[in-house]
Amino acid sequence: MAPSFHLLAVAITLMGTLLLLALPTAAQDAPQDYLNAHNGARAAVGVGPVTWDGRVAAYAQSYANQRAAADCSLVHSDGPYGENIAWGSGQLTGIDAVRMWGSEWVDYDYNSNTCAPGRDCGHYTQIVWRSTTTIGCAKATCSGGRGTFVICNYNPPGNWIGQRPYAIAV
């Protein structure tokens, strides 16, 4: 399969996956909801699924609680895991956060392994990082009702400079 055709196929698959993720679910914050959202994006580029890790989830919940009690600003934990964080006014669900991060796929150029100029795509590349095997996610309501903080941690972490998040078979 020619690389450009394969990239088109990946793009179409990702669009379909994101559309499916847009369908409402009842919980949207359960471990399986986070896993489904992550694994849909990973499957679209041929990367194996991640599983839930209670230890990583406990780390995520502890940090979410810390940020929520403080000011809910988007400050990374600088911990041992890869990390995506989000804030939303009102009740941001975990699924909404993963959708937001995953939507960055349109700004990732596999051939150059870069984001589009002036755009972010590191949240997306962390989601689909091929060597990541487990995740743990959490959310917390910000003090004073100032929104919701969502975090997902990734083990082992991804986004290593000079490496691609996944390989395309040519």
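**Entry 1: the sheet**

I started with strands β5 (residues 134-141) and β6 (residues 148-155), which pair in the antiparallel sense over 8 bridges. Worth noting before I go on: this is a predicted model.

Next I asked myself: in what order do the strands of the open sheet run? I read it as β1-β5-β6-β2, 4 strands with mixed pairing. At the edges I have β1 (51-52) and β2 (82-88), each pairing on one side only. A reminder to myself: strands of a sheet pair through backbone hydrogen bonds, either parallel or antiparallel.

**Entry 2: helix α2**

I moved on to α2, which covers residues 31-44 and so counts 14 residues. From its first C-alpha to its last I get 20 Å, close to the 20 Å expected at 1.5 Å a residue.

Is α2 mostly covered or mostly open? Mostly covered: 10 of its 14 residues are buried. I listed the buried ones as D33, Y34, L35, A37, H38, N39, G40, A41, R42 and A44. Just after α2, I spotted G46 with a positive phi of about 80°.

**Entry 3: the largest pocket**

Last, I checked the largest pocket, and its volume comes out at about 190 Å³. Which residues line the largest pocket? I noted H76, S77, D78, G79, Y81, G82, E83, Q126, P157, G158, N159 and W160. Sorting that lining by class, I get 3 nonpolar, 7 polar and 2 charged residues.

Definitions and conventions. Residues are numbered from 1 along each chain as its sequence is written. This is a predicted model: local features need pLDDT of at least 70, side-chain atom pairs count only at pLDDT 80 or more; totals for chains, interfaces and linings use all residues. Side-chain values use heavy atoms; hydrogens and water are left out. On a 1 Å grid over the protein atoms alone, a cavity is a set of points where a 1.4 Å probe fits but cannot get out, and a pocket is an open set with protein on both sides within 12 Å along at least five of seven lines; lining residues have an atom within 4 Å of a point. Grid points are joined across faces, edges and corners, and a volume is the space filled by probe spheres set on the points. Ala, Val, Leu, Ile, Met, Phe, Trp, Tyr, Cys and Pro count as nonpolar, Asp, Glu, Lys and Arg as charged, and the others, Gly among them, as polar. Helices (H or I, at least four residues) and strands (E, at least two) are DSSP runs, numbered from the N terminus. The expected span of a helix is 1.5 Å times one less than its number of residues. Buried means under 20% relative accessible area, exposed over 50%, partly exposed in between (1.4 Å probe, protein chains only). Two strands pair if DSSP finds at least two bridges between them.
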